[in-house]
Amino acid sequence: MQELVKRASELLADGSVARVLGWKAGDLPYNPEPAYFENEEQLRSFVYNGFCGANLSKYMIEASKLEGKTLVFLKPCDTYSFNQLMKEYRVDREKAWIIGVGCRGKLDIEAVKRSGIKGIESISEEDGELKIKTLYGDHSISYAEAMLERCHSCKGKEHRVYDELIGESEETNDSERFAGVTEIEAMSPEEKFAYFQKELSKCIRCNACRNVCPACSCRKCVFDSNKFDSAQKANTDSFEEKMFHIIRAFHVAGRCTDCGECSRVCPEGIPLHLFNRKFMKDIDELYGEFRAGEDAETKGPLTDFTFEDAEPGVVAERG
Amino acid sequence: MYKIKTENLTALFQKIAGHQELYLPVRNAGQVNYANWSDEAEVDLNVLNTVKSPKDAFFPQSENLYTCKRDGKKITIEPEQLKSQNFVIFGMRSCDLKGVEVLDKVFLEDPLDTFYAARRDHGTIVAMACNEPEETCFCKAFGIDAAEPNADVATWMAGAELYWEPLTEKGEALTEMVRELLDDGSEEAVEEMKTNIRRIIAKLPYSDLSMDGWNGEVLDEKFNSELWDELYKPCLACGTCTFVCPTCQCYDIKDYDTGNGVQRYRCWDSCMYSDFTMMAHGNNRTNQMQRFRQRFMHKLVYFPANNDGMYSCVGCGRCVAKCPSSLNIVKVVKAFQNQGGEQ
Ligand code: SF4
Ligand code: SF4
Ligand code: SF4
Ligand code: SF4
Ligand code: SF4
């Protein structure tokens, strides 16, 4: 972390960048927040640790409109989002100085709490274990167990776009990315419906999934339009409850980089990645393997046309 | 003081549900929220904060107000019926109870909100003391006592027993209804619990949070502070904080096209949204800094100014736990504190 701060100070001092976009230490052991830093003094509260899951790519949409360059710290998966945003002309590469930071998996406080740990006073790490002191006694949980879902199916530790790299990464991928989708595909239509009904009935339409999503970068979302019957604020019935998610999943299909932010932020723990991965799996099967955000140039299969493309009828055939 | 063995709680719920609707914390797909009791419901009384606050019981996220139907040239208007059946809400915590007091200030004063008032009239609240407060709790900062939930019935979970004390007429009536399931309990056990809870509360990381400097008098000073320009920046404008909050009270009224008429409904609104308080001339808050500022100014300045100093935050900590960017009201209060009152 000291290396990141040092490099940021240098770039600020010599005027290469006007500001730094990183994470600032929180007031609990697990709540750092995305933040801008403009001088060395402010950088004192900079932090890069296991709880810096927040993907800073989307903030670069706004930062691209500011005077001067913004130094942004991106984890390997975050760089896919940045590429995708570049492809969509939503961020300006010229306005960004990207430092790719090493990553050994990011932590999910919800996963820690799910294991029954409450009243957290401090969290430290020893040999792959998180030692957690609480008001109700000491606990430990393995680093891997406390990781975000997305880190278990990490795309790899290679940064897809950067100006310089700092820090080491460690492999975290220990699960099959499409396993959850395959499980659902095996269900009967009734079971599928019941499964999603149960999950989506929890949705409070808070829009955290949408607003955090780098693929959801429309200037005005259709769900914010008061000319549209289904305005953002509530699910008037169980159909609308699903419609929001279906529309969103379709709209990010082929553009979603599987950055995992939607599932990270959902206050109701809805496994939103399952929707997106279903589309990814289908795209892979119908058009050949494709990863949104691998680069900023390749046309996505859904925004391109070739004579070999699957015919729409394939949907009816597959049922 | 009465008590009931926890193994008999299901019988208690069955008994209540036999007479009235019963809402309580239920685990569904991994998350605990208030829901109707049923035999299959997986009741979870250990979770301190449900994801959504229990305010839905009185002020639902969306509710119909009236329905217009068109049949040829005939248009009929059917007002929505007010709540007319008694119900019980079980398991509310002290912070959420105070949240209802906040909502009362808004909805029970002139002009009276009849939908809300009907639910308040018909609801009996059974509250629970908080055995194991979380690090995110700061009810103490608002003078709320987690050990002494002041509802129609107060309860304390002590090992294998739930202590039960009716505090109001409604509480007495409910106690009468389930009397055969209750035994007499001693005050001592409960006093011990209270001491224990207060001891833990004193040790919480936010327990010394001070609200000094926040009141109805500081409008200009706080409103014009340059700090907001920094504080709002990571905010995604998602509205999660407002939707999980027990005291957020703003709503919007909308029409739903049913194909042969209109359903006029109201639903929670959020000051974090771009069309919040949209008027014919446009919107009086034009950027996210202003929307972000509204949330905290409302809770800590405007509300106390209009309600004899009562804050409209109760320290439940839900926004602390749920904000995707880890922002929250505590960080805002601390930021102003650290700045040493210069502004
Ligand atoms: S973040 Fe979760 S609760 Fe909020 S709108 Fe998205 S799915 Fe619904
Ligand atoms: S849909 Fe979810 S995983 Fe996909 S880009 Fe958006 S936030 Fe990331
Ligand atoms: S939950 Fe956090 S990011 Fe979302 S609107 Fe509230 S403060 Fe902003
Ligand atoms: S502002 Fe936050 S802590 Fe305060 S009552 Fe609302 S959700 Fe709870
Ligand atoms: S103004 Fe915002 S914070 Fe205040 S009650 Fe309304 S929605 Fe909640």
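Six salt bridges are counted between chain A and chain B, a salt bridge being a side-chain nitrogen of Lys or Arg within 4 Å of a carboxyl oxygen of Asp or Glu. One joins B:Lys331 to A:Glu33, with N and O 2.8 Å apart. This is a predicted model, in which local features need pLDDT of at least 70 and side-chain atom pairs count only at pLDDT 80 or more, while totals for chains, interfaces and linings use all residues. Residues are numbered from 1 along each chain as its sequence is written, chains are lettered from A and ligands numbered from 1 in the order in which they are written, and side-chain values use heavy atoms, leaving out hydrogens and water.

The two chains also share 24 residue pairs in polar contact, both at pLDDT 80 or more. A polar contact is a pair of N or O atoms within 3.5 Å; within protein, one must be able to donate a hydrogen and the other to accept it, and residues adjacent in sequence count only if both atoms are side-chain atoms. The side of chain A that touches chain B has 17 nonpolar, 11 polar and 17 charged residues. Here Ala, Val, Leu, Ile, Met, Phe, Trp, Tyr, Cys and Pro count as nonpolar, Asp, Glu, Lys and Arg as charged, and the others, Gly among them, as polar. In total, 45 residues of chain A contact 52 residues of chain B (heavy atoms within 4.5 Å). The buried area is about 4100 Å², with 49% from carbon and sulfur atoms; this is the accessible area (1.4 Å probe) that two parts lose on being put together, summed over both.

Now look inside chain B. Domain 1 covers 2–64 + 82–203, and domain 2 covers 219–252 + 268–337; the bounds come from an automatic or database domain assignment. Their contact takes 29 residues from domain 1 and 28 residues from domain 2. About 2300 Å² is buried between these domains, 66% of it from carbon and sulfur atoms. One salt bridge is counted between them. B:Asp96 pairs with B:Arg318, the closest N and O atoms lying 2.9 Å apart.

B:Arg318 also belongs to the residues around ligand 4, each with a heavy atom within 4 Å of the ligand. Others there include B:Phe138, B:Cys245 and B:Lys299. By class, this shell has seven nonpolar, two polar and three charged residues. Around ligand 3 stand residues including B:Cys235, B:Cys238, B:Cys241 and B:Cys323. That shell has eight nonpolar, two polar and no charged residues.
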